[in-house]
Structure formats: structure tokens, C-alpha cells
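Please keep the model open while reading.

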Amino acid sequence: MRNCLTLALAVFLALAGSALAAGTTTGNTEPDLSSYAQAEELIEAADYEDALAILEELNREESGNPDVLNLLGYASRKLGRIEDAFDYYRQALAIDPLHLGANEYLGELYLETGDIGRAEERLAELAVACPDGCEEREELAEALAAYRESQGQ
């Protein structure tokens, strides 16, 4: 009996160690921090292609994570893949309608495509999400103001 318990414990520890080494845990909805952080660093360095590859893999592994979908949208937008960007932002917002980043970035994408009305809708969503103000709300408001100025409005 003692040998069976020892064997069972050894198997459990080996499996747990494998899961930790792979960066996965059961039921975890947070992105794999090492890969996610790496993608963020690549985005900061404007290496959108490499960031996109990591984010696509994360999305396959952790489907439905709005943070991953948001960064997929951002990298896609920066690469000029406008329809992909729209799709990723909409997926993120379908999961979390008040996602700060997705609302800001989708608003910016609407401005890039000349749809000021929809950009204003994203700003209104940010006013609900962070009524006392937040960086995403301020940045989209500034982008809207700059857009209006560039259009003589």
C-alpha cells in the first residue's frame, strides 16, 4: 500500500511539474504571462508581426481571452489588417463590453476609417467603464479632438 501511495505521489508531482513547466494551469483564464508579456514587449518595439504570431498562438490555447484579442486587434491594425483588427476588437468586446483597451483601440480604428460617430460611441462606453476618468478614455478623447481639428470641425 505504501509503495502505491509513493508511486501515486510521484506521478502527481511529475504531472504537476510538467504543467508548471509548460506554463499552464487547470481553469486559468489569465493569459500565459511569459508569452503575453513577450508580445507586449514586441508591440512596444513595433515588431507587430512577431507579436501577432505569439498572440495567435495564445488565442488558440486560451480562446476567449479579451486581453489577448485586444492585442491581436492592435497588432493587426498596426499592420494595416483593418478587417482582422475590427474582428478581434469586436470579439473582445463581445466577451467584455467595458474592456478599456478594446474600446479605446476600436475607437481609434473608427477614426482611422473616418467613422467619427462610432468613435464617439466607444468614448461613451469608456465614460461608463471609467466614469472618474482613465488613460484609455483620455487618449481616445484626445484622438477625437485631433481628428476634429484635422477635419476643420
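The text below starts with the confidence and overall make-up of the chain, then turns to individual side chains.

**Confidence and overall make-up**

The model is predicted. Its mean pLDDT over the chain is 84, with 78% of the residues at 70 or more.

The chain contains eight helices and zero strands; read from the N terminus, the order of elements is α-α-α-α-α-α-α-α. Of the 153 residues in the chain, 33% are buried. Taking contacts between residues at least 6 apart in sequence, 51% join residues at least 24 apart.

**Aromatic pairs**

How many aromatic pairs does a search of the whole structure find? The search gives four.

| Pair | Centre to centre | Angle between planes | Class |
|---|---|---|---|
| Tyr74 and Tyr105 | 4.6 Å | 45 degrees | tilted |
| Tyr89 and Tyr105 | 6.3 Å | 45 degrees | tilted |

Tyr74 belongs to helix H4 (residues 66-78) and Tyr105 to helix H6 (residues 100-112), so their pair ties together parts that are 31 residues apart in sequence. Tyr89 comes from helix H5 (residues 82-95), so its pair with Tyr105 in helix H6 ties together parts that are 16 residues apart in sequence.

Tyr74 has a relative accessibility of 15% and therefore counts as buried, the cut-off being under 20%. Tyr89 is buried too, at a relative accessible area of 0%. Ring pairs join Tyr48, Tyr74, Tyr89 and Tyr105 into a cluster.

**A buried arginine**

Arg122 is located in helix H7, which spans residues 116-129. Which side chain of opposite charge is nearest to Arg122, and how far away is it? It is Glu121, at 4.6 Å. A salt bridge needs a nitrogen-to-oxygen distance within 4 Å, and Arg122, though buried, has no salt bridge.

Leaving aside residues up to four places away in sequence, Arg122 touches Leu93, Asn103, Leu106, Gly107, Tyr110 and Leu140. Among these, Leu93 falls within the residue range of helix H5 (82-95), while Asn103, Leu106, Gly107 and Tyr110 fall within that of helix H6 (100-112).

Technical notes: Residues are numbered from 1 along each chain as its sequence is written. This is a predicted model: local features need pLDDT of at least 70, side-chain atom pairs count only at pLDDT 80 or more; totals for chains, interfaces and linings use all residues. Side-chain values use heavy atoms; hydrogens and water are left out. Helices (H or I, at least four residues) and strands (E, at least two) are DSSP runs, numbered from the N terminus. Buried means under 20% relative accessible area, exposed over 50%, partly exposed in between (1.4 Å probe, protein chains only). Lys and Arg count as positive and Asp and Glu as negative; His and the chain ends are not counted. Contact means heavy atoms within 4.5 Å. pLDDT is the predictor's confidence in each residue, from 0 to 100. Rings of Phe, Tyr and Trp (its six-membered ring) pair if their centres lie within 6.5 Å; planes under 30 degrees apart count as stacked, over 60 as edge-to-face and the rest as tilted.
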